Amino acid sequence: MNLRLSPAIMTAALLGGALGGCAGIRPPETAALATPNTNAPTSEDGWRHEAQVWGERYNANTGDPQAAVRYAQALRQTGQRAQAVTVLEQASLKSPKNMELLGAYGRALADVGSYQQALDVLGRAHTPERPDWRILSAQGAVLDQMGRHQDAQHYYEAALKIVPDEPTVLSNLGLSYALSKDLPRAEATLKRATAGAHVDPRVRQNLALVVGLQGRFAEAESIARADLPLEEASANVAYLREMLAQQSDALNRDHARRGADARRG
């Protein structure tokens, strides 16, 4: 059963697939792979302008790795994910050893569900001698998308050896534990992710969801209220409670049906 919550709690890391037959959590997304864009737009119109500016630069020189990465980022932000893959694929053919470009290409492939190809490309985006924690986290996220949660966790742990207590990696690791049906460990890891002074609100919403999945709805609502209006936080938790109740009813009916079938047999 998929869990559908309000936009504020529908973070990139949540919603979608199944978590042990109960309310749904989608595997973590790949972390940012390119050099952070400190001047990134904050609105859809801004991203459209960014796509136009960098698209013109890319079209003038399709071999420019920076233009390809920035153009593809803007395309992804405006929902043009397949086109972003095409841009990065063409650029990577011209610059096959550009690590930043390969990282962006691998993430774009994961966005469109080409997980095995994404893993292959990400594997070329850094080396064992010079590992990149962002790439390690991205590889873990792709493995989670493929259902290989234990393998994913090894990558997150490797990333944390480079950047201990990095919130984005801890958030991905926490969600990976949740997907592995280890909710207490997921909660502990997400609490570590939210311990810093400057916490991404999405990470805190991930923690609220994992706490709610364990039936501690009042606590989940309290966590959610740190970033959401009271009414929205309450509505999210109420919806989560309803979904879990429906899931429990469905499981009880299934068990009753199986018991009746066994008695008849």
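Start with the largest nonpolar core, which has 66 residues; such a core is a set of buried Ala, Val, Leu, Ile, Met, Phe, Trp, Tyr and Cys residues joined through side-chain atoms within 4.5 Å. Select Ala68, Tyr71 and Leu88, the residues with the most contacts inside this core. Then show what surrounds Ala68: leaving out residues up to four places away in sequence, Ala68 touches Tyr58, Val87, Leu88, Ala91 and Leu101. A contact here means heavy atoms within 4.5 Å.

The model is predicted: local features need pLDDT of at least 70, side-chain atom pairs count only at pLDDT 80 or more, and totals for chains, interfaces and linings use all residues. Residues are numbered from 1 along each chain as its sequence is written, and side-chain values use heavy atoms, with hydrogens and water left out.

Zoom out to the whole protein. It has 12 helices and zero strands, taken as DSSP runs (helices H or I, at least four residues; strands E, at least two) numbered from the N terminus. Of its 265 residues, 47% are buried, meaning under 20% relative accessible area with a 1.4 Å probe, protein chains only.

Next, select residues 201-213 (helix 10) and 217-224 (helix 11), whose axes come within 8 Å and cross at roughly 175°. Helix 10 is therefore roughly antiparallel to helix 11, the term for angles over 145 degrees. Among the residues making the contact are Leu207 and Val211 of helix 10 and Phe217 and Ile223 of helix 11.

Finally, colour by pLDDT, the predictor's confidence in each residue, from 0 to 100. The mean is 82, but residues 1-24 lie below 50.

Definitions and conventions:
Axes fitted to C-alpha atoms, helices over the stretch in contact; angles between N-to-C directions. Parallel < 35°, antiparallel > 145°, perpendicular 65-115°, else oblique. Buried < 20%, exposed > 50% of the residue type's maximum accessible area, 1.4 Å probe, protein only.
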